[in-house]
Amino acid sequence: MGVFIQVEIVDTGLPEALGQRIASVCPVDIFAMRDGRLAIQAEEEDECTLCGLCLKAAPAGAIRIHKRYSGEVLTSTGSSDA
């Protein structure tokens, strides 16, 4: 778990293809596929740049990014055009 950032997958039942898409858009490899499911690589969480690409690629409410230093929570919007 990150010191500054915690990434949470709320919807653990995402289709494998969507999980792969979310993992592929992350520029710092916070996400990985394990046994056909999207997973967090906890050792990478503090590398998060808060770019929002995963939040746009995931369905609304499926992923949350907790900013531990401020208490703010960013939630996926599902607004990707792809």
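1. A disulfide is a covalent bond between the sulfur atoms of two cysteines. For the present note, a disulfide is a pair of cysteine sulfur atoms within 2.5 Å. The sulfur of C48 lies 6.3 Å from the closest cysteine sulfur, that of C54, which is too far for a bond. C54 is likewise in no disulfide, its nearest cysteine sulfur being that of C51, 6.3 Å away. The structure as a whole holds zero disulfides.

2. On the basis of the note: this is a predicted model, in which local features need pLDDT of at least 70 and side-chain atom pairs count only at pLDDT 80 or more, while totals for chains, interfaces and linings use all residues. Residues are numbered from 1 along each chain as its sequence is written, and side-chain values use heavy atoms, with hydrogens and water left out.

3. Two helices and five strands are found in the protein; helices (H or I, at least four residues) and strands (E, at least two) are DSSP runs, numbered from the N terminus. Their order from the N terminus on is β-α-β-β-α-β-β.

4. Of the 82 residues, 35% are buried. Buried means under 20% relative accessible area, exposed over 50%, and partly exposed in between (1.4 Å probe, protein chains only). C48 counts as buried because its relative accessibility is 17%, and C54 is buried with a relative accessible area of 9%.

5. I30 lies in the loop between α1 (16-25) and β2 (31-34). Is this residue buried or exposed? At 2% relative accessibility, I30 counts as buried. Leaving aside residues up to four places away in sequence, I30 touches V7, A39, I40, Q41, E44, E45 and C48, where contact means heavy atoms within 4.5 Å. The C-alpha atoms of I30 and D11, 19 residues apart along the chain, are separated by 16 Å.

6. Contacts may also be considered over the whole chain. Among those between residues at least 6 apart in sequence, 47% join residues at least 24 apart.
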